[in-house]
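These are my notebook entries on a structure that I had not examined before. I set down what I looked up, entry by entry.

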There are 2 protein chains.
Amino acid sequence: MRIVLDAMGGDFAPQVPVMGAVQAVKELGVKVFLTGKKELVESELKKYSYPEDLIEVVDASQSVSMDEQPSKALRKRDSSIHVGLNLVKEGRADAFVSAGNTGAVMAISLFTVGRIRGVERPAITAVLPNLTGYTFLLDVGANVDCKPFHLLQFAVMGSAYARYVLDEERPRVGLLNVGEEEGKGNELAKEAYRLLKDAKDKGLNFIGNAEGRDIYSGKFDVIVCDGFVGNVCLKLSESIAKTLAKILKEEIDKHFISKIGAITLKPAIKGFKRRIDYAEIGGAPLLGLNAPVIISHGSSNAKAIKNAIKTATRFVKSELNRHIEEEIERFGKSNGS
Amino acid sequence: MRIVLDAMGGDFAPQVPVMGAVQAVKELGVKVFLTGKKELVESELKKYSYPEDLIEVVDASQSVSMDEQPSKALRKRDSSIHVGLNLVKEGRADAFVSAGNTGAVMAISLFTVGRIRGVERPAITAVLPNLTGYTFLLDVGANVDCKPFHLLQFAVMGSAYARYVLDEERPRVGLLNVGEEEGKGNELAKEAYRLLKDAKDKGLNFIGNAEGRDIYSGKFDVIVCDGFVGNVCLKLSESIAKTLAKILKEEIDKHFISKIGAITLKPAIKGFKRRIDYAEIGGAPLLGLNAPVIISHGSSNAKAIKNAIKTATRFVKSELNRHIEEEIERFGKSNGS
């Protein structure tokens, strides 16, 4: 198994990606290609001992910043992302992992490896913790204007990912909407509902509309929506946890007795953090691309990077993209909707 | 000041609305009309002592359940909502307050009191706590398919509410979007951005795009979006706080020392709850209707009801609807977008 890791991607590059790569080769025994500025990456690597044949640095003279326009990033043909995806395209590696600019990775992936046959719109995804496990949400930003048929394809791809990579035997699929009942929603949701309902005959386990609260309720394994709504939900989710934690901290600091008591909460807080921590989740795929591509959170630590590499190996081993191609064909082409 | 309160609205009707009405007449000195099943409401009222001339029960033989279709509710001409709004329409009362079915209140309001001249689409709104104060979000469900011009009108109405009722001198208005930069977003958001930017010349304090995280960041006083996205965000927000609290509680219960420590957190938790509690907020208006209408959360307690009545009195005193009518006219008609 050979995984490319973007050594220049994320808020703490190249330090964190390099550390993550070292953890990955030691713990998972995979081979990792690190793409990035060679001198920089190698001087970072020198800090560690690891099986040297398992890490190979591949020089890339350019890097893409976190807020760079994808169209601009695409023109940097020697970026760590571009060089990395080319390694996968040429068959020298099996998958690509980055904690960098998601939009840029999507754009460069489309340019290099392209889409799976039959997939109209690849999607950016998110794996979100709920009370009992995880909810897989897509699209969270690649397609801000969607047609109903795109949501059907997201459901097919998301369902395949939940089944083959997240080990959900029969993933429960929902459509993000403003109410539970059939007939609710905007034009897009109403028509998508009809397509998803029809797809039940072909084996899609569509169980109905999911409301905003269901993103965290655990009632659904996969929830589909357009990339505008999904992106807003994702950023909203990240911020609420932080805001609530801040308000609680401010209140604890106001009361001496609470401040003392808060110390005893450390084990609970630790467990709490572990359960909502993206570092445990191991990144989220870009789905519909003709190669396994995993995005790790921009503020990933080394463990999150290692877990993203682990997810990439599962993606490869499960032959997910072969399954997606078959499923996409089985669920048919758009009739224009 | 004469406020109508829907005695049959909310999860704990008529007990909680009646208790809220009693608190309101005692603390605020307003007159409250309670609409609902007369016997039921009066037997509830008997439990309290209060200035009897300040509460009047108006019989309404029907009630609307929380999940009833607005179209069906509209046909109940003797519902507590319908009777209540008619009192306002006939000039016998100044405002209407309900903790009941929001969609039904909107539909019956449109049928009875109608829209403010010039307003194309009245909006359902939400007042959400952030680190420093509140964010006023609209629309959160009345209009799942919007045109850009509707979002402009939401901004004008929301800005007026924030100024005249929430006392924000110069409310900062944002457009909910997937990125900060101009040019981001779906078709709706891109065109709405242009309209909002143009409206700055007429005094709208539009400060740019708001991302999902900005609903709680405190950077914006008013955020506009279509009712589909707004509804999903509102339900998502409510659920995340609950989910995080549950996960934290589960973790605290796992550790004996944390369980002990948690007791000392009571004062902090109390302060925390007060800051994020909708009971403190006092409901949210339906904006664009030709009468002051305030919706309180379905699970409101008596204090929340009382605060919603207080908000209604501020709405009336500020002559908000006269301001909205003037502003809507000043910002002009739709040119079709």
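**Entry 1. The two copies**

I superposed chain A on chain B: a rotation of 180° with 0.0 Å of shift along its axis does this, at an RMSD of 0.1 Å. I then noted that the same surface serves both copies, since 100% of the contact residues of chain A recur in chain B; contact here means heavy atoms within 4.5 Å.

I record the conventions here: this is a predicted model, in which local features need pLDDT of at least 70 and side-chain atom pairs count only at pLDDT 80 or more, while totals for chains, interfaces and linings use all residues. Residues are numbered from 1 along each chain as its sequence is written, chains are lettered from A and ligands numbered from 1 in the order in which they are written, and side-chain values use heavy atoms, with hydrogens and water left out.

**Entry 2. The interface**

How many residues does the contact take from chain A and from chain B? I find 51 residues from chain A and 52 residues from chain B. Between them the chains bury about 5000 Å², and 72% of this area is on carbon and sulfur atoms. Buried area is the accessible area (1.4 Å probe) that two parts lose on being put together, summed over both.

I looked next for salt bridges (a side-chain nitrogen of Lys or Arg within 4 Å of a carboxyl oxygen of Asp or Glu). The rule finds two across the interface of chain A and chain B. In a salt bridge between B:Lys235 and A:Glu211, the side chains meet at 2.4 Å, N to O.

Which elements give two or more residues to the side of chain A that touches chain B? They are helix 7 (187–198), helix 8 (227–254), helix 9 (256–264) and helix 10 (266–276) of chain A. Helix 8 of chain A supplies the largest share of that side, 21 residues. Helices (H or I, at least four residues) and strands (E, at least two) are DSSP runs, numbered from the N terminus.

**Entry 3. The sheet of chain B**

I traced an open sheet of 11 strands in chain B, with the order 3-2-1-4-11-10-5-6-9-7-8 and mixed pairing. Two strands pair if DSSP finds at least two bridges between them. Strand 3 (55–59) and strand 8 (206–210) of chain B are the edge strands, each pairing on one side only. Neighbouring strands are turned by 25° against each other on average, direction ignored. For such angles, axes are lines fitted to C-alpha atoms, for helices over the stretch in contact, and angles run from 0 to 180 degrees between N-to-C directions.

Strand 4 (residues 95–98) and strand 11 (residues 293–295) of chain B pair in the parallel sense over three bridges, and B:Phe96 has B:Val293 as its bridge partner in strand 11. Strand 10 and strand 11 of chain B are instead antiparallel, also over three bridges, with B:Ala284 and B:Ile295 as bridge partners. Their hairpin has five residues between the strands, and B:Gly288 there takes a positive phi near 105°.

Helix 1 (residues 15–28) of chain B lies across strand 1 (2–6), strand 2 (31–36) and strand 3, running at about 170° to strand 2. Helix 2 (residues 38–45) of chain B touches strand 2 and strand 3, its direction making about 160° with that of strand 3.

**Entry 4. Backbone details**

Which peptide bonds did I note as cis? One joins B:Ala13 and B:Pro14, with omega about -5°; B:Pro14 is in the loop between strand 1 and helix 1 of chain B. Another runs from B:Leu138 to B:Asp139, with omega near 0°; B:Asp139 lies in the loop between strand 6 (134–138) and helix 6 (148–164) of chain B.

A:Glu319 lies in the loop between helix 12 (302–317) and helix 13 (320–330) of chain A.

Methods:
Least-squares fit on C-alpha atoms with pLDDT ≥ 70 in both.
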